Amino acid sequence: MPERAWGFNSPLAHVSDVPSKQASTAVPLHPHLAGRWSPRGFARDYALSDDELQALLEAARWTPSCANTQPWRFIVGHRGDATFERIVENLKSYNKEWTPLASVLMVVCAQLTDDDGNPQRWAEYDTGQAIATMTVQASELGLHVHQMGGLEVEAIQEVFAIAEQFTPITVVAVGRFDPDADISDKLAERERRPRERLSVEELLLTDPNR
Ligand SMILES: Cc1cc2nc3c(=O)[nH]c(=O)nc-3n(C[C@H](O)[C@H](O)[C@H](O)COP(=O)(O)O)c2cc1C
């Protein structure tokens, strides 16, 4: 079946605010999955409401996890507060340019060992799922999430006095996309670039015993 972009006639079509960002799929997907993307051009005057933040954290909270261990933890900074500034300061340089535009920055930590010091083998997997769930909820609220692996892990651990059991995994930026955001031409060009993925066929490993 040829790939095409679905969902433009759906009541949720607003979720892809840049048409080139709409996922091209062989069969229809939920608009929040097809329309989600990771912008850098956030609206610098948009503040997340308490209810919006609560909804994002509730979405993460209700994510499944191995043996219900719930290994995810978050440090939340709002644009304008000291926590937000400290998070920006401890990102890799390529993430420092655009993250000040976000409404909220969150350090996402995972509890990699249990209370007895034993490894929690699925903690990073579970924490990634929590952010995936949060991302879908953000889309429902008309918000975007941009995840980052480009952070200074040791510095963040120290600055926020994060207990040894927990390891910073990512920082996520949350906000409203602004097509006229104050970002460099280079980043603006990336904002419009179509999203690309491997094909479904490429994702399937073959069973040699078949
Ligand atoms: C674990 C992880 C780490 C990432 N690190 C960064 C980063 O440091 N800086 C950045 O600008 N984007 C980062 N991204 C965003 C990805 O580049 C982006 O999700 C990917 O290109 C797919 O684009 P899409 O989310 O718009 O579909 C990261 C995403 C994930 C999931």
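I began with helix α7 and the face turned away from its buried side: Asp185, Lys186 and Arg192 are the exposed residues there. Exposed means over 50% relative accessible area, buried under 20%, with partly exposed in between (1.4 Å probe, protein chains only). Helices here are DSSP runs of H or I with at least four residues, strands are E runs of at least two, and both are numbered from the N terminus.

The model is predicted: local features need pLDDT of at least 70, side-chain atom pairs count only at pLDDT 80 or more, and totals for chains, interfaces and linings use all residues. Residues are numbered from 1 along each chain as its sequence is written, and side-chain values use heavy atoms, without hydrogens and water.

Next I looked up the buried residues of α7, which spans residues 185-192. I found Leu187, Ala188 and Glu191. They sit on the same side of α7 because their arc around the axis is only 100 degrees, taken from the directions from the helix axis to the C-beta atoms.

Then I turned to the ligand. I listed 14 residues around the ligand, with Ser38, Arg40, His146, Gly149 and Arg195 the closest; near means a heavy atom within 4 Å. By class, I noted 4 nonpolar, 6 polar and 4 charged residues in the shell. Strand β5 (144-148) and helix α4 (93-96) each give at least two shell residues. The largest share, 3 residues, is from β5.

I checked atom distances last. Arg40 has a polar side-chain atom 2.8 Å from a ligand oxygen. For Gln147, a polar backbone atom is 2.9 Å from a ligand nitrogen.

Terms used: A polar contact is a pair of N or O atoms within 3.5 Å; within protein, one must be able to donate a hydrogen and the other to accept it, and residues adjacent in sequence count only if both atoms are side-chain atoms. Ala, Val, Leu, Ile, Met, Phe, Trp, Tyr, Cys and Pro count as nonpolar, Asp, Glu, Lys and Arg as charged, and the others, Gly among them, as polar.
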